[in-house]
Amino acid sequence: MNLSNLAPAPGAKKKRKRVGRGPGSGHGKTSCRGHKGRAARSGGNTPPGYEGGQMPLQRRLPKHGFRSPRRHMFEIVNLETLEARFEAGATVDPAQLVAQRVVRSGLPVKVLGEGSLTKALTVHAHKFSESAKQRIEAAGGRVEVIAGA
């Protein structure tokens with residue numbers, strides 16, 4: 001074997017289909033487009049979602065819901081999570097919650113009052129529910145609101 005007798009595998013090279021080059025080519029006259037109709041016209045194609053005149057799926061399904069572009073999204077943390085994850089006297093802030101994989105970074109943190117708290121914690125968060133604030137202070141802890149949420 002040498003460079004002069006190298007060749008691609010049989011069937012690996014396929015000739016391009018040349019349409020509209022006369023009847024002898026087998027692809028003449030209508031150029032493989034059939035007779036008349038939308039697909040035979042230049043620029044005639046079917047837009048995405050078109051179902052041949054039938055009412056398209058995206059119009060048949062009911063519309064519901066609304067999501068305000070000005071909504072405020074928060075990462076939620078409950079008191080029971082703080083009770084389980086942190087020691088008494090600890091300072092809890094969003095960076096530590098991310099490190100403990102309680103919340104994801106990027107969104108402000110809101111503390112809710114689900115569960116009970118027996119340890120005195122200093123909690124820094126962007127928002128607190130009223131019940132969370134009362135329970136943290138009742139356990140001997142402190143609540144500090146981070147500005148900017």
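**Close-up views of a predicted model**

**Figure 1. Salt bridges in the predicted model.** Three salt bridges are counted in this structure, which is a predicted model. Opposite charges on side chains can pair when the charged atoms come close. One of the bridges joins glutamate 51 to arginine 60, with 3.1 Å between the closest N and O atoms. Glutamate 51 is partly exposed, at a relative accessible area of 29%, and arginine 60 is likewise partly exposed, at 42%.

**Figure 2. The salt bridge between arginine 104 and glutamate 75.** The side chains of these two residues meet at an N to O distance of 3.4 Å. The pair links distant parts of the chain, 29 residues apart: arginine 104 belongs to the loop between α3 (94-99) and β3, whereas glutamate 75 belongs to strand β1 (residues 75-78). Arginine 104 is exposed, with a relative accessibility of 63%. Glutamate 75, in contrast, is buried, with a relative accessible area of 11%; this value falls in the buried class because it is under 20%.

**Figure 3. The open sheet of β2, β4 and β6.** Three strands are arranged in the order β2-β4-β6, with parallel pairing. The edge positions are held by β2 (91-92) and β6 (142-145); each has a single partner strand, so one side of each lacks a neighbour in the sheet. In general, the strands of a sheet pair through backbone hydrogen bonds. Between β4 and β6, which run parallel, there are four bridges. In one of these strands, β6, valine 145 is the bridge partner of alanine 125.

Figure 4. Threonine 122 is a residue of strand β4 and is buried, its relative accessible area being 16%. Apart from neighbours within four places in sequence, threonine 122 contacts Ala90, Thr91, Val92, Arg142 and Glu144. Arginine 142 and glutamate 144 also meet each other through their side chains, in a salt bridge of 2.1 Å from N to O. Both are partly exposed: arginine 142 has a relative accessibility of 49%, and glutamate 144 one of 25%.

**Figure 5. The largest nonpolar core.** This core contains 18 residues, of which Leu82, Leu97, Val111 and Ile136 touch the most other members. Two or more residues are contributed by each of α2 (79-85), β3 (109-112), β4 (122-125) and α4 (130-138). Nonpolar side chains tend to be buried together in soluble globular proteins. For valine 111, the contacts beyond four places in sequence are Val77, Leu79, Leu82, Val123, Ala125, Lys127, Phe128, Ser129, Ala132 and Ile136.

**Figure 6. Positive phi values at serine 31 and lysine 36.** Most residues other than glycine have a negative phi. Serine 31, although not a glycine, has a positive phi of about 55°, and lysine 36, also not a glycine, has a positive phi of about 55°. Serine 31 is located in the segment before α1 (57-60), and lysine 36 is likewise found in the segment before α1. Serine 31 is partly exposed, with a relative accessible area of 21%, whereas lysine 36 is exposed, at 66%.

**Figure 7. Arginine 38 over the ring of tyrosine 50.** The charged end of arginine 38 sits over the tyrosine 50 ring, at 4.8 Å from the centre of that ring.

Technical notes:
Residues are numbered from 1 along each chain as its sequence is written. This is a predicted model: local features need pLDDT of at least 70, side-chain atom pairs count only at pLDDT 80 or more; totals for chains, interfaces and linings use all residues. Side-chain values use heavy atoms; hydrogens and water are left out. A nonpolar core is a set of buried Ala, Val, Leu, Ile, Met, Phe, Trp, Tyr and Cys residues joined through side-chain atoms within 4.5 Å. Buried means under 20% relative accessible area, exposed over 50%, partly exposed in between (1.4 Å probe, protein chains only). Contact means heavy atoms within 4.5 Å. Two strands pair if DSSP finds at least two bridges between them. A charge sits over a ring if NZ of Lys or CZ of Arg is within 6 Å of the ring centre and within 35 degrees of the ring normal. A salt bridge is a side-chain nitrogen of Lys or Arg within 4 Å of a carboxyl oxygen of Asp or Glu.
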